[in-house]
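The sequence and the structure are shown first.

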Amino acid sequence: MRAPRVLPVLLLVLAPTALAACGEDRPVADAAERPAAAPLPRPPASAAPQPEQRAPVALRAATIARGFRKPVGVVAEPGGERLLIVEQRGTARWLGRRGPALGRPFLDVRRITMESGERGLLGVAFVPGYPRDPRVVIHHSDRRGDTRVVVAPVRDGRVVPGRARVLLRQRQPYENHKGGPVDFDRRGRLLLGLGDGGSAFDPQQRGQDRGVRLAKILRTAGPLTTRRPRWTIAAYGARNPWRFSIDRPTGDLWIADVGQDVIEEVDRLSERQLDGPKPPNLGWSAFEGNLPLAGRPRRLDRFGPLVWPVASYRHGTGRCSVTGGVVARGTGAPASLRERYLFGDFCSGELWSIPARGPVARLRREAPTAPQLTAIAARRDGRIVMTGLNGVVRELR
């Protein structure tokens, strides 16, 4: 059996050198509330990995900066032009002309963060209303390696971690599958992507266990106006969501879920699905993509409707771990990518796009590559920026 990958395969690869409709919010279920599992359904043909086609226009991934330390995320400053680069070690620094901006980092939580395997600083989000409401949400691994999500004030241009308020703590059993993304939906609710806790093949079956927080897309019941927000399940059955994004014009949530040994997948959840009476089930660990997992119980928790991937691809030719992206919009986005969702693979650096709406018959292979791809984001005008674990920041042109 292959060794479990890290961040999503980040350190193993580099060693020695990783919602507007109204609906009822759903708390984490007690064991007594869980319904009996149902037999596994047969996947539709549309859930199988798609064939590929070449893009009609060849794009270029231009290097615009170097020198970052294991960047794992990129966040656009609300209402501004700057980009914040999130580094696994526990810092977040503004993107300068050709590298990190000079001076102290915007965020520094190295003193309280463990950087090991897939642990570290994994996500940063600006609170809605920033900079009038000068706060940021931070998702990182504490010194024990457990998940901690906090909200901290920004003063004089820098985050003040010592004044942070804890929003969530979650014990972690292994070093991998920590998820990472945090963001706010169109109603101001905070979303958090958590992996299944690690090892391989979900040994404790957390993916289909709604009584735990691991392997879930969690969401606060409302905006961050109370001291201790109530967390609910927005979706479950995720293995390791390595980057999700919210398409603001539609409210769709795009999730890139890292696979086990065979298939990488992308899931799309609409606001209606996320705010429906029951949370969508992404299938892990009964399924990897469209494949039933050998040795798994042949039954599935059917509390919520099963959602099949909208895009998936198989390993091989150097592929290993999906990195989520964004729907390309705005005048700065390449014209051939507009209204399409762009994502890629960490190991091969390949990039693909699919239509943001409607069925997907084929993956469109975009011409450039982005080695060690860890994050894809868009500037205010739509220009697409990508980070690599090797410290390089690229822009699609």
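## Arg379 and Glu395

Arg379 is buried, at 15% relative accessible area; buried denotes under 20% relative accessible area, exposed over 50%, and partly exposed the range in between (1.4 Å probe, protein chains only). Its salt-bridge partner is Glu395, with 3.2 Å between the closest N and O atoms. A salt bridge here requires a side-chain nitrogen of Lys or Arg within 4 Å of a carboxyl oxygen of Asp or Glu. Glu395 is likewise buried, with a relative accessible area of 5%.

Arg379 lies in the loop between strand E28 (373-378) and strand E29 (384-388), and Glu395 in strand E30 (residues 393-396), so the pair ties together parts 16 residues apart in sequence. Helices (H or I, at least four residues) and strands (E, at least two) are DSSP runs numbered from the N terminus.

## Basis of the values

The model is predicted: local features need pLDDT of at least 70 and side-chain atom pairs count only at pLDDT 80 or more, while totals for chains, interfaces and linings use all residues. Residues are numbered from 1 along each chain as its sequence is written, and side-chain values use heavy atoms, with hydrogens and water left out.

## Other salt bridges

The structure holds 25 salt bridges. One of them joins the side chains of Arg189 and Asp185 at 2.8 Å, N to O. Arg189 is buried at 2% relative accessible area, and Asp185 is buried at 3%.

Arg135 forms a salt bridge with Asp133, the closest N and O atoms being 2.9 Å apart. Asp133 counts as partly exposed, with 24% relative accessibility.
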